[in-house]
Amino acid sequence: MGSIARRATKEMNQAASQYQLENNLFLYLIRIVEHEGLTQSDLAELIQVDKTTLSRSLKKLDNQGYIDKVTAVQNKNYKQLYPTQKARDCYEVLAQLERQYIKKRLATLSASELTNLNKILNKILHS
């Protein structure tokens, strides 16, 4: 699984480099656009990354003008994340690249293999 993840990350980082979104920044950006207003903690849980790594990555996205961090109204200790127009402008391209990558890799599997893969991955995820 590790080699599959590293290969996917490498290929997606190369594709996203045209937006200066390498080192997995594309992944954070896609999820922020898809879940506008989520907190940093929510994003860390969603993409399964430690808060220190996430914090560094969000600082880069903020400095590049891709996101806005807004103090949450209900709890001043939380920052909510919002995409800027710059993020929205490149979102469709990045999300499409992600979908194409997944579709291409899964294209060789039969319907029953896809079903089994999904069951196995869910079992691993929830174990």
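**Stop one: the covered helix**

Start by selecting α2: the cover over its buried residues includes α1, α3 (40-47), α4 (51-63), β1 (67-71), β2 (79-83) and α5 (85-106). Here, helices (H or I, at least four residues) and strands (E, at least two) are DSSP runs, numbered from the N terminus. Buried means under 20% relative accessible area, exposed over 50%, and partly exposed in between (1.4 Å probe, protein chains only).

Before going on, a word on what you have loaded: it is a predicted model, where local features need pLDDT of at least 70 and side-chain atom pairs count only at pLDDT 80 or more, while totals for chains, interfaces and linings use all residues. Residues are numbered from 1 along each chain as its sequence is written, and side-chain values use heavy atoms, with hydrogens and water left out.

Back to α2, residues 25-34: eight of its ten residues are buried. Show side chains for Leu25, Phe26, Tyr28, Leu29, Ile30, Arg31, Ile32 and Val33 to see that buried set.

Now pick Asn13, which sits in helix α1 (residues 2-16). Is Asn13 buried or exposed? It is buried, at a relative accessible area of 13%. Beyond its neighbours within four places in sequence, Asn13 is in contact (heavy atoms within 4.5 Å) with Leu21, Glu22, Asn23, Asn24 and Phe26.

Next, select Gln20, in the loop between α1 and α2. Its phi is positive, near 60 degrees, and it is not a glycine. Most residues other than glycine have a negative phi. Gln20 is partly exposed, with 45% relative accessibility.

Asn23 lies in the loop between α1 and α2 and is another non-glycine residue with a positive phi, of about 55 degrees. Asn23 counts as exposed, at 54% relative accessible area.

**Stop three: a lysine over a ring**

Select Lys86 and Tyr66. Lys86 lies over the face of Tyr66, 4.5 Å from the ring centre. For a charge to sit over a ring, NZ of Lys or CZ of Arg must be within 6 Å of the ring centre and within 35 degrees of the ring normal.

**Last stop: zoom out**

Show the whole chain. How many helices and strands does the chain have? There are six helices and two strands, in the order α-α-α-α-β-β-α-α from the N terminus. The C-alpha atoms fill a box of roughly 50 × 35 × 20 Å along the principal axes. Of the 127 residues in the chain, 30% are buried.
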